[in-house]
Amino acid sequence: MIEKEQNTDTPNGTPAGDPKEKEKVTAVPQEEIHSDDDGHNHGGEDTDSGWKSHWQLLLAIVILVVMLVLEFGFKLVPAFPADLIIFTAAYLLAGYNVLYMAYRKAKRFDFFNEFFLMSVATIGAFAIGSYSEGVAVMAFYSVGEWFQDAAVNRAKRSIKALLDIRPDQVAVQRDGNFVVVDPKEVKPGEIIQIKPGEKVALDGELISEKASFNTAALTGESKPDTKNKGEQIYAGMINLNTVAEIKVTSLFQDSKLSKILEMVQDATSRKSQTQLFISRFAKVYTPIVFALAVAVCFAPYLFVDPYEFNVWFYRALVFLVISCPCALVVSIPLGYFGGIGLASRNGILFKGSNFLDVMTEINVVVMDKTGTLTEGIFKVQEINSKDIEKDELLKYAAAIESQSTHPIGLAVVEHAGKDSIKSVEISNVEEISGHGLKGTIDGKEVLAGNTKLMKKFNIEYPAEVDAIVYTIVVLAIDQQYKGHITIADKIKEDAPKAIKDLHDLKIQTVMLSGDKQSVVDEVSKNLGIDNAYGDLLPEGKVEKVTALKNDGKKIAFVGDGVNDAPVVALADAGIAMGGLGSDATIETADIVIQNDQPSKIVTAIKIGKLTKKIVWQNIILAMVVKVIVLALGAGGVATLWEAVIADVGVSLLAILNAVRIQRLKM
């Protein structure tokens, strides 16, 4: 397993097709499953792992068993050359794939790979008359490959079934009637109809009054989500209770589900440090093993008297068989892939297996407040005005905030109603980062934001405003304070448990927010967060995270992934909350939590630790067994039988250990 086979044939000689096309079909890059160093096609989509496609191997095993029964049960051994012919036939049936790959690699002067290793070992066994052992090594090795194929195919089918749930047809309204077409033919602006029990094929806007959907495929949560007219609906959701009509907003290939599929596909190509180490290790390990096998065969000539070539050649063959690093190079990527799949089923998208490792090292989780620990759904609680009617103050506030996408601004606009600002003239609106907005409304200069904005423009305001705990929008018109609007947010239901679970894992929690310190302190106190800092501009958040990193902390930052891009980039792991509705979030973060639940931060950490634990179990298991059998083989204690059983056995155990991640529930 030394170099990735670049030719277009698979080990059985069938065309593999264009790799990029295959990735699109399987949603899993082939090279991830067996590393860039193997030359395998383990689990290619065109590889059938059923017994019918392996009849040659099964026939070879039957021949081997019959010959062994005759030899050891009835003491009947066919005379030469009949025995050679029979065993050669079984050998070719079991190993023609391996011999073919060894030949192709040898033509490129690539001799340090498992195909050449197994070919040399088994042909060598035939050369010294150990026919049954030569066939057994090749047959059991091929059985191991078969099971590896099956494991990888199962992993692919699992992740494909989980994510690639887009329907292949959809009812679209054309000429007054609904006709069934391929979703790829539907264009933005067209109306599609989704009946109860059907999956949504394309992203769009609900134009029916109300409908409930199962969003488990996207968020990992099966709890019904009721959507109202005008709300966004995403491909992959399942309609639960009534016929729903949706106005399509994006093409089939541009849907959020397609982007999630693409993200998971890309994730498998970003390798962890452990995988990269194993790849480098295999490139050094196999040539060394070849050299040691040669030494085992010939070095004793200098020290042993009498020296018997056949004895030491046989020991060298044992050495070669057990040295195959297949258990490591197959099971480790499969383990990480299982971790990515498990996370996906829980509504967590890792952008690479490297981030599974990063999450195991996190000792500080830094969180934004709004939209991360709180729902980010703000409601106007109170309007206080000075020398102006409340409705008039609200009109000015709504007019300027209509130019902002901030949740607080949206709450003001929603409370006022869009009709209230239809006739208002709005111009020259600019955002002052970390402070608020400045603009001209009906010819008057309006400032709307926090108290820092008032101080920046030297506008006096009542001292009691600073004592208000909740979020406020302070307004000044023509350089005069005119009042403030109190707005409240709600802490997410599972946020307290998330903080408690992080503390149980001995992870420090820090909250950073641009909101005023009194609000931040209130939320921090309710949740039990270790440290909380408010009144922060974006550069202030960067300073706090930099200080933590300078203390040697491993940091995960959890935010919206867009506004906090500098901090996300600075953190060891950038986690975005609620990436389902935001393309920018998916682009920015390393990890995306799709359903907005803070408790998924803990789930991501646990999945990372579980994956790493299983990977290291496999590494230790494989290395310990190989070292023991290598020593026994060199000492003449282990035969080719023990060598092949140990090699195939440890590979299968490692694969089964890796595959069990796919069965776990978090």
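Phe298 comes out as partly exposed, at a relative accessible area of 48%, and Phe309 is also partly exposed, with 39%. (Under 20% counts as buried, over 50% as exposed and anything in between as partly exposed, using a 1.4 Å probe and protein chains only.) This is a predicted model, so to speak of local features takes a pLDDT of at least 70 and side-chain atom pairs a pLDDT of 80 or more, while totals for chains, interfaces and linings use all residues. Residues are numbered from 1 along each chain, and side-chain values rest on heavy atoms, without hydrogens and water.

Now to the rings. The whole structure holds six aromatic pairs; Phe, Tyr and Trp rings (the six-membered one for Trp) pair when their centres lie within 6.5 Å, and planes under 30 degrees apart are stacked, over 60 edge-to-face and the rest tilted. Tyr91 and Phe126 sit 5.0 Å apart at 55 degrees, so they make a tilted pair. Because Tyr91 belongs to helix α4 (residues 82-107) and Phe126 to helix α5 (residues 114-127), this pair ties together parts 35 residues apart in sequence. Helices here are DSSP runs of H or I, at least four residues long, and strands are runs of E, at least two, numbered from the N terminus. Both Tyr91 and Phe126 are buried. Phe298 and Phe309 are tilted too, with 6.1 Å between centres and 40 degrees between planes.

Charges turn up over rings as well, meaning NZ of Lys or CZ of Arg within 6 Å of the ring centre and within 35 degrees of the ring normal. Arg315 has its charged end over Trp312, 4.2 Å from the ring centre, and Lys544 does likewise over Tyr533 at 4.0 Å.
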